[in-house]
Amino acid sequence: MKKRPVITVCCILTIILLSAGSRQTLVAQTRSADAYSAFRTVTDLQGNRVRLPPAKDLQRVVIVSPPLVSTFASLGISQAELIGVHKVGLAHANPRLLDMLLPGWQKIPTGFLTGFRSNTEELLKLKPDVILVYGDFQKKGLQGTTIPVLDFFLDTHDNEVGSIAAENLMREIFEAGRGIPLLRREWDQAKKQTAALLAKTQAPRKKGMMIASNTGDKIIVMGMGSCGDDWLKKSGLVNVANVADIQGGGREVTMEQIYAWNPDIIYVFWGLPASDYIGGNIPGQNWRHLKAVRNAAVYDMPHGLTNWGVARADSPLTLLWLVSKNYPELLSETDFPDMMKAYYSRRYSIELSDELMEAILYPNGK
């Protein structure tokens, strides 16, 4: 009889503990359910439906596609940190701009990539919350991981369509960019200005060419259906390489072919700088008798948050810059800087100095 009170107390304690445990389990289950319900489904540009946690939980980001670094940096995504990028995404940007918009960029790891293939073991060490790629070829090494991967590939060479789609998806993923003008609106304004300027000239359209790369041994030009072709056309030029046998990103051509085309203006996307063409400093290549070279109308593409030849954060500004080079009588070198400073002020909250602007526009010097 004396043991009953002890047993009773033990039973009561057991009931209390079980009740507390049940409440804790219920709370944990509720929290788990709440966390699960907070997940979103985002559709990437390839139509893949990807489940993502709330934007505030996307704190560690890997970007495999180089140009997407510029889109990320342009939107002021404060809660997220870039913990892995392709090295080209940093190499083709102005370092002072990166200092302003992507502090600490020099320390971002790039060694987890070989070309565009990810080393799975090294990638997992970075512990990313999300990975951003462009096309299936950039997904190599990511198979089998549980990390959300969003594809920004869009089957278009239209710089307007591509840059707007990339920004819209980036805004959705990180729920970012509030207070920053939509890129679509910037494009609308730039196109309106361009149309008004080009309407003022009745002269035949000038002939342009964009060099995709020149190693000194091989010259690759951008033909029809390429981003370079789109830039030339949008800015009022006829692309001399817009012929049936030169399509897409480009094809190797000879100096004889280039002399037959004799472009008025040449843009250099990659490779040897414009000064080497004008100065005759490319062994085995004689450019000096071309109209564009005689008139010193050979230009390196500027380097802002990325190479301006790529469709991304500065693309509306790229269009106006091209017009200023193609038809300086329509948009002078004194008018364009005001447009550029206004763009950087409203998009990035940067008061652009003349020195920094020149460094962006002339990445290899004047």
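1. Confidence. The protein has a mean pLDDT of 89, and 88% of its residues reach 70 or more. Where pLDDT is low, the predicted coordinates should not be read in detail.

2. Strands β3 and β4. Strand β3, which covers residues 60-63, pairs with β4 in the parallel sense over four bridges, and V61 stands opposite L82 of β4 in this pairing. Strand β4 itself, residues 81-85, is mostly covered, since four of its five residues are buried.

3. Strand β7 and its neighbours. β3 also pairs with β7, again in the parallel sense, over three bridges, with I63 standing opposite L132 of β7. β7 in turn pairs with strand β8 (residues 149-151), in the parallel sense and over three bridges, and here the bridge partner of V133 is D151 in β8. In a regular strand the side chains alternate between the two faces of the sheet. Within β7 (residues 130-133), V130 and L132 point one way while I131 and V133 point the other way, and all of them are buried.

4. Helix α8. In this helix, which spans residues 227-234, the buried residues are G228, D229, D230, W231 and L232, a list that a reader may wish to inspect on the structure. Their cover includes the helices α6 (159-174), α7 (183-198) and α12, together with the strands β9 (207-214), β11 (238-239) and β13 (265-268). After α8 comes G236, which has a positive phi near 90°.

5. The α12 and α13 pair. Helix α12 (residues 315-326) packs with helix α13 (residues 336-348) at an angle of about 175°, and their axes are 10 Å apart; the two helices are therefore roughly antiparallel to each other, as the angle is over 145 degrees. On the α12 side the contact is made by P316, L317, L320, W321 and S324, and on the α13 side by F336, M339, M340, Y343 and Y344. Of the residues in this contact, nine are nonpolar, one is polar and none is charged.

6. W270. This residue is found in the loop between β13 and α10 (274-278), and W270 is partly exposed, with a relative accessible area of 38%. Leaving aside residues up to four places away in sequence, W270 touches V88, H92, I211, A212, S213 and N214. For one of these, I211, the separation from W270 is 59 residues in sequence, whereas the C-alpha to C-alpha distance in space is 7.1 Å.

7. Two positive phi values. Most residues other than glycine have a negative phi, and most peptide bonds are trans. E175, although not a glycine, has a positive phi of about 45°; E175 has its place in the loop between α6 and α7 and is partly exposed, with a relative accessible area of 41%. N262, also a residue other than glycine, has a positive phi near 50°; N262 is found in the loop between α9 (255-261) and β13 and is partly exposed, with a relative accessible area of 22%.

Note on methods. Residues numbered from 1 in each chain as written. Predicted model: local features only at pLDDT ≥ 70, side-chain atom pairs only at ≥ 80, totals over all residues. Heavy atoms only, no water. pLDDT = per-residue confidence, 0-100. Axes fitted to C-alpha atoms, helices over the stretch in contact; angles between N-to-C directions. Parallel < 35°, antiparallel > 145°, perpendicular 65-115°, else oblique. Contact = heavy atoms within 4.5 Å. Nonpolar A, V, L, I, M, F, W, Y, C, P; charged D, E, K, R; others polar. Buried < 20%, exposed > 50% of the residue type's maximum accessible area, 1.4 Å probe, protein only. Pairing = 2+ DSSP bridges.
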